[in-house]
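Here is a short report on one protein model. Have the sequence and the 3D view open as you read.

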Amino acid sequence: MGFAEGNDAKGAKLFKTRCEQCHTVAEGGANKTGPSLHGLFGRKSGQVEGYAYTDANKQKGVMWNEDTLFEYLENPKKYIPGTKMAFGGLKKANDRNDLITYLKNSTK
């Protein structure tokens, strides 16, 4: 099972409650505790200028897309051992689909 189009509005609520304290999505948005997510799709892990990534993130070399994010967001520390992201993940596939749909629409 992989990514399936989700609900943008539900994804926006998830972002606000689970991600926004550490990430921005707006163009020109500053890095916070986590890197800016603007331009996320099609970017390799560990590539946002001015953000201090762990070596694990830089060396993973994953290209972010719907399917890689679907797997990553289930359990970030399992997907990239050594990441400093302190997020436990979204276990429900529908939540991941909704969040990824929101990110696709808001990080262009």
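## The largest pocket

Sort the lining of the largest pocket by class, and you get 17 nonpolar, nine polar and four charged residues. The model is predicted. The pocket's volume is about 590 Å³. Its lining counts 30 residues, and those closest to the centre are His23, Gly34, Pro35, Tyr72 and Met85.

Which helices each supply at least two residues of this lining? They are helix H1 (8–18), helix H3 (66–72) and helix H5 (93–106). The general idea behind such a search is simple. Rolling a probe the size of a water molecule over the atoms shows where empty space is left.

## Histidine 23

One of the residues closest to the pocket's centre is His23. Histidine 23 sits in the loop between H1 and H2. Is histidine 23 buried or exposed? It counts as buried, because its relative accessibility is 12%, and buried means under 20%.

Now look at what surrounds this side chain. A polar atom of the histidine 23 side chain lies 2.7 Å from the backbone oxygen of proline 35. Set aside residues up to four places away in sequence, and histidine 23 touches Phe15, Lys32, Gly34, Pro35, Leu37 and Met85.

## Two cysteines, no bond

A disulfide is a covalent bond between the sulfur atoms of two cysteines. How many disulfides does a search of the whole structure find? It finds zero. Cysteine 19 takes part in none, and its nearest cysteine sulfur belongs to cysteine 22, 8.6 Å away.

The cut-off for a disulfide is 2.5 Å. Burial can be read off as well. Cysteine 19 is buried, with a relative accessible area of 11%. Cysteine 22 is partly exposed, at 27%.

## Glycine 42

Find glycine 42 in the loop between H1 and helix H2 (55–60). Histidine 23 is in the loop between H1 and H2 as well. Which residues does glycine 42 contact, leaving aside neighbours within four places in sequence? They are Met63 and Trp64.

Then compare glycine 42 with proline 76. In sequence they are 34 residues apart. In space they are 18 Å apart, C-alpha to C-alpha.

How values were computed
Residues are numbered from 1 along each chain as its sequence is written. This is a predicted model: local features need pLDDT of at least 70, side-chain atom pairs count only at pLDDT 80 or more; totals for chains, interfaces and linings use all residues. Side-chain values use heavy atoms; hydrogens and water are left out. Buried means under 20% relative accessible area, exposed over 50%, partly exposed in between (1.4 Å probe, protein chains only). On a 1 Å grid over the protein atoms alone, a cavity is a set of points where a 1.4 Å probe fits but cannot get out, and a pocket is an open set with protein on both sides within 12 Å along at least five of seven lines; lining residues have an atom within 4 Å of a point. Grid points are joined across faces, edges and corners, and a volume is the space filled by probe spheres set on the points. Helices (H or I, at least four residues) and strands (E, at least two) are DSSP runs, numbered from the N terminus. Ala, Val, Leu, Ile, Met, Phe, Trp, Tyr, Cys and Pro count as nonpolar, Asp, Glu, Lys and Arg as charged, and the others, Gly among them, as polar. Contact means heavy atoms within 4.5 Å. A polar contact is a pair of N or O atoms within 3.5 Å; within protein, one must be able to donate a hydrogen and the other to accept it, and residues adjacent in sequence count only if both atoms are side-chain atoms.
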